[in-house]
Amino acid sequence: MAYRMDPAARKRARTVAPALPSRPDPTSLPLGDPTGGADARAWRALVDGKQRYPRVHIDRTVTITMSDGVRLRATVVRPANRLGAPVNTPYPTILSVNPYNRATLDALDEGLNMPVVGRAMKSASAAVDASGTPLEGLTRLTGVVAGGALDIFGVNRNLVRSGYVQVLVDVRGTGASQGKWQILGGREQKDSVELIDWVTTQRWSNGRVGMAGWSYSAINSLQAADKRPKALQAVFAIEGTSDIVRDIYITGGMHSAFIPIWLSLVNVLKWVPNPRTALYDLGHGEFARWLRDRVKSPATELPSLLWGFLTTRDERIFDDPYFDERDPKIGNITCPTFTVGAWHDLFGPSSTQVYDRLNLKPGEKQMLVADGYHVDVGTGQGGRFAPPRLDVLERAWFDHWLKDIENGVEKYGPVVMQQQGGGWTSGAQFPRPGVSTQRLYLSESASGSAGHARHDGSLGRVAPTGATVSLSLRPDLRGLASRDMSQVTAGASIVLGSKFSTDAEFQERGGLTFTTPAATEPVQISGAANLRLYVASTGQEGTWAVTVNDVAPDGTSTVLTNGGLTVSNRALDQQQSEYDADGNLLRAHHYLTRVRKLPVPVDVPVAIDVDLVPTDAIIEAGHRLRVDVYAASFPRFLTLVPDLVKARTRKQRLVLDPEHPSHLTFQAIGSFPTA
């Protein structure tokens, strides 16, 4: 199937896009429509128009007892009449199970629904566009309000008023719920199934349940769906994961600063009593039970994480059955599932892999991937050439699968992507139809495009010949101002400027660059990619971080995808790695277990395969493709203390050996010229 591309996709230089043009370019349109067309306009009219019920009734004092006796606390939001009394009509229920404390959700709900102020915030979020200014990153983050993600994360009054019940539950051991936080563990997953069963027994439920969530609540929605409870009939999951280890926890054998920060955040929030239910909790004994469980587990998993990081004596520092239990079994899911992701999300690889692993027909499964991060999801959606807002898509999804309304949402997409360097497209599959496997080789020869880097090399279609060359590198701290930093901060650091999002020059000053000649035709990169490097280290360990970039005619280098690997974790699980029909490695799957670690010979070159986040991008004519190679990217990739000791004050080398050529393998439509 061909793809429809919005006018911004025809940009010929890496410049800030102006306001959307008044009319589309007729050469880039027919076939799939990422906006959803007339159907989506009808979906939006339903969301933005008058709802069936004027008010909602919110009960924040609900207690649900699990089969092991642990009491979970919940908020139930029901349609209400003008007097605020809940209606008696049973409706489908949307369940969300969240560890971030319902007090946080209450604060968001009250802020966004405050008379005058709430509407002004939403309007400003949609109207203010600071592209091309120092505030560009800030407006990307505030755009989340207009994009609809917060409606899915918290209380969605509009959805409830249209004829749904919403149930928001604090995960066990967090918020006001009792018990010990399991971090997506088996007992927690059982809770989700029991919560679904509980919902179906309530008089306000018609027995049909959907689950929705963002991040953690998206993951446990997928976990619940893989258990196939009969009542769960649809899922809307924003930025979930199918492989926690490789996405963010131990990418390439290296930990991420995000994990201790995130664990600390949830552990702090779980100690905050909900002020809206404080008197009720004191009077009914809930507070005492809550406090007892908090004292038993005051800082869940933080001590073990620190111990493992310092000593490697905790198996959870490696890929372990602990994580296998927590990864959703995507292939088991049978209910219709809509997934939303982003190319630079914390769970970037899962943005496409969840869709790929769903054993559902297109239409019953949908995928939307934006050119963004974790906390700016939905920004820009609802615009003239963009997909509908996330709250609009959620409503349409549940209306169809939970209310049997024929609204055409099953015909949307099914693969909607914001092409990096281009615009929104809609089509039948990822990777795009017509891609072929290509290979570009790293060469010492200067490209003339990166004089600022430690080394300016070339990237070409012909394997290099001649003598072996070694290029030395040492770790530095330039990753603190990079797109890697924005990824590990979930996108928050984009407020600090272009170095953290669209301009990699600062980080490249500490790295090795390899750049193609300027493209003579647009090249569409789509799918997985692998970077084979031949490396050596003066220590008994080596750490490598890489990016693949789009270089504009003005020299601006923008990261498209990234990856990292410790040399000791280079062993491949060939059964789970991805190859093309000719046996070319496209996606490397490393074991990342303690027993599969390999020795690192001192100053002896070895081959490593760095798996890159699957992506979709267009390299316009006049642009170049670049591979950046670094000895570290702190804090995106953290090295365990024992590995630092092994590495000592190491010097790492990239060895360009014609007998063992380093090369990038990827899938694309179109090709780069020979030098």
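Residues are numbered from 1 along each chain as its sequence is written, and side-chain values rest on heavy atoms, with hydrogens and water left out. Because the model is predicted, local features need pLDDT of at least 70 and side-chain atom pairs count only at pLDDT 80 or more, while totals for chains, interfaces and linings use all residues.

The chain averages a pLDDT (the predictor's confidence in each residue, from 0 to 100) of 92, and 95% of the residues score at least 70. Residues 1-31 stay under 50, and for this stretch the model has 81 contacts beyond four places in sequence, a contact meaning heavy atoms within 4.5 Å. Where pLDDT is low, the predicted coordinates should not be read in detail.

Helices and strands are DSSP runs numbered from the N terminus, with helices (H or I) of at least four residues and strands (E) of at least two. Helix α16 spans residues 390-403; its 14 residues reach 19 Å from the first C-alpha to the last, close to the 20 Å expected at 1.5 Å a residue. That expected span is 1.5 Å times one less than the number of residues. Of the 14 residues of α16, 13 are buried, where buried means under 20% relative accessible area, exposed over 50%, and partly exposed in between (1.4 Å probe, protein chains only). Asp404 follows the helix and has a positive phi, near 60°.

Turning to the strands, β17 (residues 543-551) and β18 run antiparallel and are joined by nine bridges; two strands pair if DSSP finds at least two bridges between them. Thr547 stands opposite Asn562 in β18. The two strands form a hairpin with five residues between them, and Gly555 in the turn has a positive phi of about 95°. Strand β18 is largely enclosed by the rest of the structure, because 10 of its 10 residues are buried.

What makes Ser568 count as buried? Its relative accessibility is 3%, and therefore Ser568 counts as buried. The side chain of Ser568 makes a polar contact of 2.5 Å with the side chain of Glu541. A polar contact is a pair of N or O atoms within 3.5 Å; within protein, one must be able to donate a hydrogen and the other to accept it, and residues adjacent in sequence count only if both atoms are side-chain atoms. Leaving aside neighbours within four places in sequence, Ser568 is in contact with Glu541, Arg596, Lys597, Leu598 and Val600.

Salt bridges come next. The structure holds 36 of them, each being a side-chain nitrogen of Lys or Arg within 4 Å of a carboxyl oxygen of Asp or Glu. Lys597, one of the residues in contact with Ser568, forms a salt bridge with Asp643, with the closest N and O atoms 3.5 Å apart. Lys597 lies in the loop between β20 (585-587) and β21 (606-619) and Asp643 in helix α19 (residues 641-647), so the pair ties together parts 46 residues apart in sequence. Lys597 is partly exposed at 21% relative accessibility, whereas Asp643 is buried at 3%.

A salt bridge also joins Asp109 and Arg157, with the closest N and O atoms 2.8 Å apart. This pair links distant parts of the chain, Asp109 in helix α2 (residues 102-112) and Arg157 in helix α6 (residues 157-161), 48 residues apart. Asp109 is buried at 3% relative accessibility, and Arg157 is partly exposed at 26%.

Arg172 and Asp191 meet through their side chains in a salt bridge of 2.6 Å, N to O. Arg172 counts as buried at 5% relative accessibility, and Asp191 is buried at 2%. Both residues belong to a network of salt bridges that links Asp68, Arg172, Arg187, Asp191 and Glu194.

Finally, Asp319 is found in the loop between α13 (302-311) and α14 (321-326) and is buried, with a relative accessible area of 15%. A polar contact of 3.0 Å joins the side chains of Asp319 and Arg246. Not counting residues up to four places away in sequence, Asp319 touches Val245, Arg246, Ile250, Asp324, Tyr591, Leu592 and Thr593. The C-alpha atoms of Asp319 and His590 are separated by 9.8 Å, although the two residues are 271 residues apart along the chain.
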